[in-house]
2 protein chains.
Amino acid sequence: MKINNKLTIGIDLGGTKMSAVLFDGEKVLDENLLATPKNNLENIIIMMAVLIEPLIKRAAEFKRNIKGVGIGAAGVMDIERKKILNSPNLKILNNVKLAEKLEEKIKLKTKLENDAKCFIMAECKLGAGKKYKNIYGLTIGTGIGGGWFINNEIYKGSHGGAGEVGHMIMDSKDLNDLEDLFHNIMKRDPIKIAQRAYSLDRSALRIYEEFSKILGLALANIANIIDPEVFIIGGGVINSADLFLPRAEEIMKKNIQSSEISKKIKILKSKLDKNAGAIGAAMIV
Amino acid sequence: MKINNKLTIGIDLGGTKMSAVLFDGEKVLDENLLATPKNNLENIIIMMAVLIEPLIKRAAEFKRNIKGVGIGAAGVMDIERKKILNSPNLKILNNVKLAEKLEEKIKLKTKLENDAKCFIMAECKLGAGKKYKNIYGLTIGTGIGGGWFINNEIYKGSHGGAGEVGHMIMDSKDLNDLEDLFHNIMKRDPIKIAQRAYSLDRSALRIYEEFSKILGLALANIANIIDPEVFIIGGGVINSADLFLPRAEEIMKKNIQSSEISKKIKILKSKLDKNAGAIGAAMIV
């Protein structure tokens, strides 16, 4: 995407808040943030329209047109039918044609994509991945999302179901997937555990050791299937990357099938700020 | 690959025997089979030359040129440097530039590819996958190999390491990968266990139930990452597919993140005969 006369708007629709950016293909010209109304579909649509209203006005001030709007939301997307098949944070959006509904409301072309994939798209094009062409991205926050950037776009799969790496079963006995194991280890409180680990609390350090192992194995599994140039890791946990990333990298390298290839695959930290998800959504338009 | 004046030769280099075909892009014109000399690199090269000699003569009888030779062998390949990085069946081939060595000997352009990928390529282009464009193939025999057919070719990854699906860790506690679990369950004797299972031996049926579970979960993991149109399963076990494939499909579908997508992904059995690997090798030239 190059700078051109037309701007795009990206919305990052989260479970508790929604943010939006006005984007020129390279930088954010304006932004906005609102709380997400949780239990009423009509309200979500209205509030998304309210969220982007000042951005539309701002574009008019710049005398530039808006090409369209991108929405990034959690869940598996049916890209063609503009529908969320499986919305974990906002159950009310299950099987809703969200892009179509917003499009009717705001009269601007609207597209829909998984939020982790938006984040990864932004990181790949403008952040840590700028120099690379075959990148696997993971976001580790409330859940674990994934996306594979190749041929200058995010690979979607035959039915829009690719990148659901959080659901990779890694404990076949008890049917736990990567996300289950992450939650079991972190008790849904990685930030608190990180604080304790930085104070050298032994049990907290052990928790991060366990998390490093699981993450390293998951990365090796992806490497053995997809063999990317680099991984990019983002999401809430990345602020305490020194607690787990070096060890995860070690474990990944040990478990990649070819030792020669394992030397070549790097892990990078995400670089963009809190707007990355919305920027990525603006990029899909 | 279309029928053209030039023929190709494909070699399937196995741990105990090596086979070769003379191929016109659509059908096998001639074939040959020899035992693999195991412990001497020079002998392997000589015997490969002996193996294809009658095929070269046959091409001359047809007054048609040979475009080149493809070799399919077990292991991770460094495609660009024509080298086997990791040869599990013939340790003597580790880090050997096999294609280069044969090329010197026979004075025909020679390429190298993983044997499972050759098999899958043939199945995708001429066998069970003919109608599809995004196919994930697995061969389950002595080991478990994989390959992903997309954009009309086998995806290689950034360093030639893609498709090592047998090494996907599925028991993160004890670090067992799919292949380990397969061997633990089958005790390296799936044919004998299949015979017992067909006689309704309960413990043998339980073994196949366990295998179905592991395979179904592995397929779901791949589906959640890559989202192919179909899977193709081949290799030795496919002759007793009715003992495990219906149940594996059930388990796969249960573990694909979107239930709507899980309805769409099919599992097919391989269709080609024993020459599939050599045909695939002839296709990579």
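In this predicted model, chain B holds an open sheet of 5 strands, arranged in the order 10-9-8-13-14 with mixed pairing. Within strand 14 of chain B, the residue opposite Val230(B) is Lys266(B).

Helix 3 (residues 115-126) of chain B lies across strand 8 (134-140), strand 9 (144-150), strand 10 and strand 13 of chain B, and its direction makes an angle of about 45° with strand 9 of chain B.

**Helix pairs in chain B**

| Helix pair | Axes come within | Crossing angle |
|---|---|---|
| Helix 1 (residues 41-61) and helix 2 (residues 98-106) of chain B | 10 Å | roughly 55° |
| Helix 4 (residues 178-186) and helix 6 of chain B | 9 Å | roughly 170° |

Given a crossing angle of roughly 55°, helix 1 of chain B and helix 2 of chain B are therefore oblique to each other. The crossing of helix 1 of chain B with helix 2 of chain B is right-handed. On the side of helix 1 of chain B, the contact is made by Ile45(B), Met48(B) and Ala49(B), while helix 2 of chain B contributes Lys101(B), Leu102(B), Lys105(B) and Ile106(B). By class, the residues of this contact comprise 5 nonpolar, no polar and 2 charged.

How are helix 4 of chain B and helix 6 of chain B oriented to each other? With axes that cross at roughly 170°, they are therefore roughly antiparallel. Helix 4 of chain B brings Leu178(B), Leu181(B), Phe182(B), Ile185(B) and Met186(B) to the contact, and helix 6 of chain B brings Ile207(B), Glu210(B), Phe211(B), Ile214(B) and Ala218(B). The residues of this contact divide into 9 nonpolar, no polar and 1 charged.

**Chain A**

The domain assignment divides chain A into domain 1 (7-118 + 275-283) and domain 2 (130-269). The C-alpha centres of domain 1 and domain 2 of chain A are 27 Å apart. In the contact between them, 9 residues of domain 1 of chain A meet 11 residues of domain 2 of chain A. Strand 5 (76-78) and helix 3 (115-126) of chain A each supply at least two residues of the domain 1 side. By class, the side of domain 1 of chain A that touches domain 2 of chain A has 5 nonpolar, 1 polar and 3 charged residues.

Chain A also has a hairpin of strand 2 and strand 3, with 4 residues between the strands. Strand 2 (residues 17-23) and strand 3 (residues 28-35) of chain A run antiparallel and are joined by 7 bridges. Ala20(A) has Asn32(A) in strand 3 of chain A as its bridge partner. In this hairpin, Gly25(A) takes a positive phi near 100°.

Notes. Residues numbered from 1 in each chain as written. Chains lettered and ligands numbered in written order. Predicted model: local features only at pLDDT ≥ 70, side-chain atom pairs only at ≥ 80, totals over all residues. Pairing = 2+ DSSP bridges. Axes fitted to C-alpha atoms, helices over the stretch in contact; angles between N-to-C directions. Parallel < 35°, antiparallel > 145°, perpendicular 65-115°, else oblique. Left-handed = near helix turned anticlockwise from the far one by under 90°. Contact = placed C-beta atoms within 7 Å. Nonpolar A, V, L, I, M, F, W, Y, C, P; charged D, E, K, R; others polar. Domains from an automatic or database assignment.
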